[in-house]
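Hi everyone, thanks for making time.

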Amino acid sequence: MTDKTMTPDEVVGRLRSGMTIGIGGWGSRRKPMALVRALLRSEITDLTVISYGGPDVGLLAAAGRIRRLVAAFTTLDSIPLEPHFRAARERGAFALTELDEAMFMWGLHAAANRLPFLPVRAGLGSDVMTVNPELRTVTSPYADRETFVAVPALRMDAALVHLNRADRHGNGQYLGPDPYFDDLFCEAADTAYVSCEKLVDDFHGAAPQSLLVGRHSVTGVVETPNGAHFTSCAPDHGRDEPFQKLYATTPWPEFAERFLSGKSEDDYQQAVRTWHEEQQ
């Protein structure tokens, strides 16, 4: 079987400006932050980003890399609204397609199954239809003649996800309480890149349901210890709440200069360690 291991910068080398990029995880939980930071070190811009948004969206929005965002929300969980996303949205920095959480999920399912859309009841009678005038409804061809929202497929050029464990062939395992929708992101994309806390040779008889992502849907694998920082990646590590608060309350140029101006992920991790030492 093929060895698919890569570095974060090699992953970003496969991406291009103008792409549609899906980012897995949920809010401030198990986000592929090392890959997002590698993206910020590149010149790639003009992106359409599809995400259950968290600081991945905030970082890219603050850096001016997003042309359109497709999201159900953008939150830091313990901080309800992602502040850098909010600031960028308030100044009209990008277009926004805001979907109900269930509509978003079925858009992923449609893309993963290579369907143009899937019919759902979610969104009917709500302002989702008003703020997204491009959405259409369909009528059941059967006797019930019920009307549904036709949620378009959320197809992507590339997906970025983070898992607890992965092997060199692209199989990925989650160990925490929630799979989120990382498997659907991978299956909905033309290419998919999995970062992980640790590469393993095998999964030692792991429960099949924990083996979330299959190698058939993965293009590359990246070992990035603490690579979800500052989001959580249970049970490997929790959310770094003090650092998240710093991120949320620090002007973007100041935060970016101190923590994102290095040449590698190692530089970022060292900057974080230094900051924590200063707080003691």
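Let's start with sulfur: the count of disulfides, meaning pairs of cysteine sulfur atoms within 2.5 Å, comes to 0. Cys186 is in no disulfide, and the nearest cysteine sulfur, in Cys196, is 12 Å away. Cys186 is also buried, at a relative accessible area of 3%; buried is under 20%, exposed over 50% and partly exposed in between, using a 1.4 Å probe and protein chains only. As for Cys233, its sulfur lies 9.4 Å from the closest cysteine sulfur, that of Cys196, which is too far for a bond. Cys233 is buried too, with a relative accessible area of 1%.

A quick word on ground rules. This is a predicted model, so local features need pLDDT of at least 70 and side-chain atom pairs count only at pLDDT 80 or more, while totals for chains, interfaces and linings use all residues. Residues are numbered from 1 along each chain as its sequence is written, and side-chain values use heavy atoms, with hydrogens and water left out.

Now the helices, which are DSSP runs of H or I with at least four residues, numbered from the N terminus. How do α3 and α4 cross? The axes of α3 (residues 55–62) and α4 (residues 83–90) come within 7 Å and cross at roughly 45 degrees; axes are lines fitted to C-alpha atoms over the stretch in contact, with angles from 0 to 180 degrees between N-to-C directions. Contact, meaning heavy atoms within 4.5 Å, is made by Val57, Gly58, Ala61 and Ala62 of α3 with His84, Phe85 and Ala88 of α4.

Key
Helices (H or I, at least four residues) and strands (E, at least two) are DSSP runs, numbered from the N terminus.
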